[in-house]
Structure formats: C-alpha cells, structure tokens
Amino acid sequence: PLLIISVAALSLGACGQAKESFDEGLEKGFDKEFASSCTTAAVKSGAAPALASKLCSCTAAKMKEKYKGSELLTVPQEKQLELAKQCMDENGIQAK
C-alpha cells in the first residue's frame, strides 16, 4: 500500500508540475496573442490601429491581473468588455 501511495503522490506531483508549466507558458504568450487578435478585430470594426493596440494591450494586462493560467481562456466576454471599458476610462477614451 505504501508503494501505491508513493506512486500516486508522484503522479499527482507530475500533473501539478505540468499544469504549472502550461499556465506559465500560457501567461507568457497571452499578452501578445490576445492583443493581436483583439487589435485585428477592433481595426476591422473601424478603430484606429494605434488606439486599438493600446486598449487591447491594456485589457490583456488587466485580464492577467485578475485571472491566472488557464482561467485566461475562459474569461466571459462581458468581463473582457468591463476590463476594456476600464482601460478606455483610464485613457480618457469615449466609446462612439
């Protein structure tokens, strides 16, 4: 029984390390990927590229402050919009 418990504990530890590595990698690439796709969508909707980039980068940073690792993949759109609104307010930008 002790051997089984030890093997189970090692397996759980490895799973925890894999999740931690995944979360770290996700967080490192999140800013660039989110800001890029957000900026592209905003520009297609008529936003000026420089302004879209600034607001999308700000929103990505706020998301990373509030959510960690794989949580970043499931942030509801209404929460993303709330954070984007905060960035707009902080930068003195009014929605059209």
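These legends go with several close-up views of one predicted model.

Residue numbers start from 1 along each chain as its sequence is written, and side-chain values use heavy atoms, with hydrogens and water left out. Since the model is predicted, local features need pLDDT of at least 70 and side-chain atom pairs count only at pLDDT 80 or more, while totals for chains, interfaces and linings use all residues.

**View 1**
Reading along the sequence gives the pattern α-α-α. Helices here are DSSP runs of H or I with at least four residues, strands are runs of E with at least two, and both are numbered from the N terminus. Of the 96 residues, 23% count as buried. Buried means under 20% relative accessible area, exposed means over 50%, and partly exposed is in between (1.4 Å probe, protein chains only). Contact means heavy atoms within 4.5 Å. Take the contacts between residues at least 6 apart in sequence: 62% of them join residues at least 24 apart.

**View 2. Here we zoom in on helix H2, residues 49-66.**
H2 has 18 residues and runs 26 Å from its first C-alpha to its last, close to the expected 26 Å. That expected span is 1.5 Å times one less than the number of residues. Which residues of H2 are buried? They are Ala52, Leu55, Cys56, Cys58, Thr59, Ala60, Lys62 and Met63. As a handy rule, an α-helix has 3.6 residues a turn, so residues three or four places apart point the same way.

**View 3. Helix H2 packs against helix H3, residues 77-90.**
The two pack at an angle of about 120 degrees, with axes 9 Å apart. Axes are lines fitted to C-alpha atoms, for helices over the stretch in contact, and angles run from 0 to 180 degrees between N-to-C directions. That angle makes H2 oblique to H3. For the labels, under 35 degrees is roughly parallel, over 145 roughly antiparallel, 65 to 115 roughly perpendicular, and the rest oblique. On the H2 side, the contact uses Leu55, Cys58, Thr59, Lys62 and Met63. H3 brings Gln80, Leu83, Ala84, Gln86, Cys87, Met88 and Glu90. Sorted by class, this contact has 7 nonpolar, 3 polar and 2 charged residues. Nonpolar covers Ala, Val, Leu, Ile, Met, Phe, Trp, Tyr, Cys and Pro; charged covers Asp, Glu, Lys and Arg; the others, Gly among them, are polar.

**View 4. Lysine 62 sits in helix H2.**
Is lysine 62 buried or exposed? Its relative accessibility is 13%, so lysine 62 counts as buried. Leaving out residues up to four places away in sequence, lysine 62 touches Leu83, Gln86, Cys87 and Glu90.

**View 5. Leucine 72 sits in the loop between H2 and H3.**
Leucine 72 is buried because its relative accessible area is 5%. Setting aside neighbours within four places in sequence, leucine 72 is in contact with Glu27, Phe30, Met63, Lys64 and Tyr67. Leucine 72 and glutamate 27 are 45 residues apart in sequence, yet their C-alpha atoms are 8.0 Å apart in space.

**View 6. Serine 53 and serine 57 both show up in helix H2.**
Serine 53 is partly exposed, with a relative accessible area of 32%. Its C-alpha is 9.8 Å from that of serine 37, and the pair is 16 residues apart along the chain. Serine 57 is partly exposed too, at 37% relative accessible area. Serine 57 and lysine 32 are 25 residues apart in sequence and 8.0 Å apart, C-alpha to C-alpha.

**View 7. Threonine 40 belongs to helix H1, residues 2-44.**
With a relative accessible area of 40%, threonine 40 is partly exposed. The C-alpha atoms of threonine 40 and cysteine 56 are separated by 9.7 Å.
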